[in-house]
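Please keep the sequence and the structure in view while reading.

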Amino acid sequence: MKKMKRLIALICGFACFAVTQIMTRIPLLASFDYELTVLNLHAPFLALLILALSAGIFEETGRYLFYKTALRRADFTDAMLFGLGHGLMEILFLFYSAGFFAGLGLSAWAILERVSATLFHMASAVFILGGMRRGKGARTLLCAILFHALFNLIAVLCVPISVPLGEGLLLLVAGVYFGTVARTKTDLKEAI
């Protein structure tokens, strides 16, 4: 029974990315391609902010809604697997999508970027569940959305300046976030 619960959490992570990004956010952004292109020409930072914030809104709200529905009885390990599934689905999608790894190749930097992103997804999944268990779901969701947007902005603003600097910052932020929420394991068990 526990193994099935763990598998469901991992599958829900895959589904969360598919629903929030592939089926919802990406097609929505594609419908505003012209407007975003024009905005990028006149106010590039605002365009980047919209893209970063929209990723946070869709992905973090998706996690929240999965905890309200399919993962109501999730625990710390389920949250970690949920975040891992989300990160793995993103990797598969990026492999499938034309252009991402074509430009970067499978360099050590590209792999490090995916490790950072997956750690971030795992940490966010635990963070949101912890907030919900403590009765602070809405506030935690808002914090997760803003933190997600900040994480994405680090990627798009720092990596073009210096790949080692950008990827190093992403790994540092994801590692600190992951380490911080991983310490809540005992508290999260008590909150269930």
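The points below go from the core to the aromatic pairs and then to the helices.

The model is predicted. Its largest nonpolar core has 32 residues, and helix α6 gives the most to this core. The structure also holds eight aromatic pairs, and ring pairs link F120, F127, F147, F151 and Y177 into a cluster.

- Leaving aside residues up to four places away in sequence, F82 touches A9, L10, C12, G13, C16, R63, F66, Y67, L71 and A125.
- In soluble globular proteins, nonpolar side chains tend to be buried together.

**Aromatic pairs**

- There are eight aromatic pairs in the structure. One of them joins F120 and F151, with ring centres 4.3 Å apart and planes at 15 degrees. This pair is stacked because an angle under 30 degrees between the planes counts as stacked.
- F120 belongs to helix α6 and F151 to helix α7, so their pair ties together parts that lie 31 residues apart in sequence.
- F120 has a relative accessible area of 1% and is buried. F151, at 6% relative accessibility, counts as buried too.
- F120 also pairs with Y177: the ring centres are 5.1 Å apart and the planes are at 50 degrees, so this pair is tilted.
- The cluster formed through ring pairs takes in F120, F127, F147, F151 and Y177.

**Packing of α6 against α7**

- Helices α6 and α7 pack at an angle of about 165 degrees, and their axes are 8 Å apart. Because angles over 145 degrees count as roughly antiparallel, α6 is roughly antiparallel to α7.
- On the α6 side, the contact is made by S116, A117, F120, H121, S124, F127, I128, G131 and M132. On the α7 side, the contact is made by G137, T140, L141, C143, A144, F147, H148 and F151.
- The crossing of α6 and α7 is right-handed.

**Two further positions in α6**

- S116 is in helix α6 and counts as buried, at 0% relative accessibility.
- Not counting residues up to four places away in sequence, S116 touches F151, E167, L170, L171 and A174.
- I111 is also placed in helix α6. At 46% relative accessibility, I111 counts as partly exposed.
- I111 and I91 lie 20 residues apart in sequence, and their C-alpha atoms are 9.8 Å apart in space.

**Packing of α1 against α4**

- The axes of α1 and α4 come within 7 Å and cross at roughly 45 degrees. That angle makes α1 oblique to α4.
- α1 and α4 cross in a right-handed sense.

Note on methods: Residues are numbered from 1 along each chain as its sequence is written. This is a predicted model: local features need pLDDT of at least 70, side-chain atom pairs count only at pLDDT 80 or more; totals for chains, interfaces and linings use all residues. Side-chain values use heavy atoms; hydrogens and water are left out. A nonpolar core is a set of buried Ala, Val, Leu, Ile, Met, Phe, Trp, Tyr and Cys residues joined through side-chain atoms within 4.5 Å. Buried means under 20% relative accessible area, exposed over 50%, partly exposed in between (1.4 Å probe, protein chains only). Helices (H or I, at least four residues) and strands (E, at least two) are DSSP runs, numbered from the N terminus. Contact means heavy atoms within 4.5 Å. Rings of Phe, Tyr and Trp (its six-membered ring) pair if their centres lie within 6.5 Å; planes under 30 degrees apart count as stacked, over 60 as edge-to-face and the rest as tilted. Axes are lines fitted to C-alpha atoms, for helices over the stretch in contact, and angles run from 0 to 180 degrees between N-to-C directions. Angles under 35 degrees count as roughly parallel, over 145 as roughly antiparallel, 65 to 115 as roughly perpendicular and the rest as oblique. A crossing is left-handed if the near helix is turned anticlockwise from the far one by less than a right angle, and right-handed if clockwise.
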